[in-house]
Amino acid sequence: MKFKVVLLSHTPEPEKVVATAAKLCYSNATIENIFERLDDETIKNFLNFLVEVGHQSPLEHVSFTFGIEGVSRSFTHQLVRHRIASYSQQSQRYVKMDGFDYVIPPSIEEDEELKNIFIDTMNQISQAYAILSEKLQKKHIERFKIQGISEKEALKKAEKMAIEDARYVLPNACETKIIMTMNARELLHFFSERCCSRAQWEMRAVADKILELVKNVAPNIFKFAGPKCIRLGYCPEGKFSCGEFEKVREKYLGKKREENENY
């Protein structure tokens, strides 16, 4: 799968902002004094304290904005279910999707017969979309001409109306682009759900990449980020568990259970 995730921007000094917000709750000092006196070691220790006591509201003061490309509409339909976030997605109503790109699931990609069926289907849909767009556009142009609308304006309006109806045949596999902004608290929840082995493969791959990016700028905030089993110490999925808790733990924490004295 070829996708791209870019961390476009984030709150400056995110860990210092979170530590300031949290420390304010336990201090009678001024906000400026708290912020100015925080050094790296104090910030690290205070963030570890927040993790230990489960005080998460200060994490809402920092946010991260990502650009995500080369993903499917199936992926974004799942992504936007995380409601404490902001999204801006490429519109199929305003952007013509002639010859659209698409995402092929690995289980299909690895099987030549299934891959050929999938690609043939995408080609048929692409042809249907092109035919529908063309015929709908001609239909609307004729109607606008009768109404006395200029040819230039009729063409512009007709194309938009044509593709907004033709898009109904486009598949979930259709590639799309989206910009997403989440605060740190919601990101931790996002990772707990979407880094899990039970998450859909495309969602899990993107979640892992997002986690990699935020760890680079806020390593203490996201030190223990990952699927729910990382924090709980066990898998809550019951009979649906992947059964590979130690491997999952090593993947996200980089160490085995006995090597991590915080658990």
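Eleven helices and four strands make up the secondary structure of the protein, with helices (H or I, at least four residues) and strands (E, at least two) taken as DSSP runs numbered from the N terminus. This is a predicted model, so local features need pLDDT of at least 70 and side-chain atom pairs count only at pLDDT 80 or more, while totals for chains, interfaces and linings use all residues. Residues are numbered from 1 along each chain as its sequence is written, and side-chain values use heavy atoms, leaving out hydrogens and water.

On to overall shape. The radius of gyration, taken over C-alpha atoms, is 24 Å, whereas a compact globule of 263 residues would come in near 18 Å; the globule rule is 2.2 Å times the number of residues to the power 0.38. Along the principal axes, the C-alpha atoms fill a box of roughly 75 × 50 × 25 Å. Buried residues (under 20% relative accessible area, 1.4 Å probe, protein chains only; exposed is over 50%, partly exposed in between) make up 40% of the 263. Of the contacts (heavy atoms within 4.5 Å) with a separation of 6 or more, 73% come from residues 24 or more positions apart.

Helix α1 (residues 14–24) is mostly covered, with eight of its eleven residues buried. These are P14, E15, K16, V18, A19, T20, A21 and A22. Their cover includes β1 (4–10), α2 (31–37), α3 (40–53), β2 (63–72) and α9 (201–217).

Now for the annotated site. An unreviewed UniProt entry lists S57, R81, H82, R83, Q89, N183, A184, R185 and H189 under "binding site"; UniProt positions follow the numbering used here, feature names are shortened, and annotations may be inferred rather than shown by experiment. The listed residues span 133 residues of sequence and are also spread in space, up to 28.0 Å between C-alpha atoms. Among them, N183, R185 and H189 belong to the lining of the largest pocket.

Two of the listed residues get a closer look. H82 sits in the loop between α4 (73–79) and β3 (86–89), and it counts as buried because its relative accessibility is 6%. Neighbours within four places in sequence aside, H82 touches Y87, M182, E186, H189, F190 and R194. A184, in turn, is part of helix α8 (residues 184–194). With 0% relative accessibility, A184 is therefore classed as buried. Again setting aside neighbours within four places, A184 is in contact with L59, V62, F64, I221 and F222.

Definitions and conventions
1 Å grid on protein atoms, 1.4 Å probe; cavity = no way out; pocket = protein on both sides within 12 Å on 5 of 7 lines; lining within 4 Å.
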